[in-house]
Amino acid sequence: AVCSMGNSTSRLYSVLAKTLSSGAVSQHQDCLEQLDSAQLDPIDPKDLLEECQIVLQKRPPRFQRNFVNLKKNTASNHRPIRVMQWNILAQALGEGKDNFVQCPMEALKWEERKCLILEEILAYKPDILCLQEVDHYFDTFEPLLSRLGYQCTFFPKPWSPCLDVEHNNGPDGCAMFFLKERFELVNSANIRLSAMKLKTNQVAIAQTLKCHETGRLFCIAVTHLKARTGWERFRSAQGCDLLQNLKNITQGAKIPLIVCGDFNAEPTEEVYREFSNSSLNLNSAYKLLSPDGQSEPPYTTWKIRPSGECRHTLDYIWYSQHALNVNSALGLLTEEQIGPNRLPSFNYPSDHLSLVCDFSFNQDPDRLL
């Protein structure tokens, strides 16, 4: 039941309800046409959060995660840039292909899972949001996030596995969102990754932004590399292709770079070493949470499939360590919080954890690599 609330909130609920009730691709157009006029009106994030919490009132509360302060004694004269990386789990894959044997189907209902995803985004208020496995871009994320002040970009996989699922919502892909009040788009590139000179099914988005406050340029990229064991060399080739594209876009690291992604690769894999040893001078932000600053977290995804329990570190936020500082990073969920049935669950909407970092520009931008 819809609670009786003020006019603006009630109108917002009707928009949210439309995005919740949409079905397959063929049904999108009516929904999008209905939303067009509403998109002109900004949404108060508090109103949207309130609507999400109404939908989620029968679910357990969101897990508490705390930011870890990593800032050295370097003063920054600008607001940090908050970047959020998250594989949100494509709805079609969650319901139709991924076989999360310990996760009740009820927990995967899009009507509620969508609100859990939005609640997480609204809680951390990223300036830049990088998502993978987005198969509800046009009917959910673009209509809502554009009204929250984000500029939105989506690049679907050419042959998305979502399309094999009955009643799918279209292809999944990578999506990027940045706050227009903070940044100006200078350049945008949609990249279809190659491996062994062949175009692959994996993609990336790379955007050069200008920070309004500092006037500084930087590049932000999002990607999702090929999954599964046995494809390590393929991922390595995709990583090399992405790095080459990013070298060109950043003029050989003259422009600072942040790369977010589900690499489907543990730190022991070749593609991880390629990013670590690249001439772009990249470091993995979440290593800084470890006592020695050299070790990745023990996991960023944890699920149970028919083949057994899968606990892996696959998700990363890479950054130009000569040009950017990591001020803080969001701590991961503990094993106790995740619980014995692992992810996804009634508490948490995806099989991957979100990563969130606050970055600031180095005060000596002309320093050599």
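What share of the contacts in the protein chain with a separation of 6 or more do residues 24 or more positions apart account for? They account for 78% of those contacts, a contact being heavy atoms within 4.5 Å.

Before selecting anything, note that this is a predicted model, in which local features need pLDDT of at least 70 and side-chain atom pairs count only at pLDDT 80 or more, whereas totals for chains, interfaces and linings use all residues. Residues are numbered from 1 along each chain as its sequence is written, and side-chain values use heavy atoms, with hydrogens and water left out.

Start with the whole chain, whose secondary structure comes to 9 helices and 15 strands; these are DSSP runs numbered from the N terminus, helices being H or I with at least four residues and strands E with at least two. Of its 369 residues, 58% are buried, that is, under 20% relative accessible area with a 1.4 Å probe, protein chains only.

Next, select residues 110–124, helix α5, whose 15 residues reach 21 Å from first C-alpha to last, close to the 21 Å expected at 1.5 Å a residue, where the expected span is 1.5 Å times one less than the number of residues. Because 13 of the 15 residues of α5 are buried, this helix is largely enclosed by the rest of the structure. Step just past α5 to Lys125, which takes a positive phi of about 50 degrees.

Now colour the open sheet of 6 strands, which runs in the order β6-β7-β8-β9-β13-β10 with mixed pairing; two strands pair if DSSP finds at least two bridges between them. Its edge strands, β6 and β10, each pair on one side only. Within the sheet, β8 and β9 pair in the parallel sense over 6 bridges, and the bridge partner of His224 is Asp262 in β9. Helix α7 packs on this sheet, touching β6, β7, β8, β9 and β10.

Select α7 itself, residues 232–249, whose end C-alpha atoms are 26 Å apart, in agreement with the 26 Å that its 18 residues should span at 1.5 Å a residue. Its buried residues include Phe234, Arg235, Asp241 and Ile249, and what covers the buried residues of α7 includes α8 (270–276). Just after α7, Gln251 takes a positive phi of about 55 degrees.

Finish with the cysteines. A search of the whole structure finds 0 disulfides, a disulfide being a pair of cysteine sulfur atoms within 2.5 Å. For Cys130, the nearest cysteine sulfur is that of Cys260, 3.9 Å away. Cys130 counts as buried at 0% relative accessibility, and Cys211 counts as buried at 1%.

Methods: Buried means under 20% relative accessible area, exposed over 50%, partly exposed in between (1.4 Å probe, protein chains only). Axes are lines fitted to C-alpha atoms, for helices over the stretch in contact, and angles run from 0 to 180 degrees between N-to-C directions.
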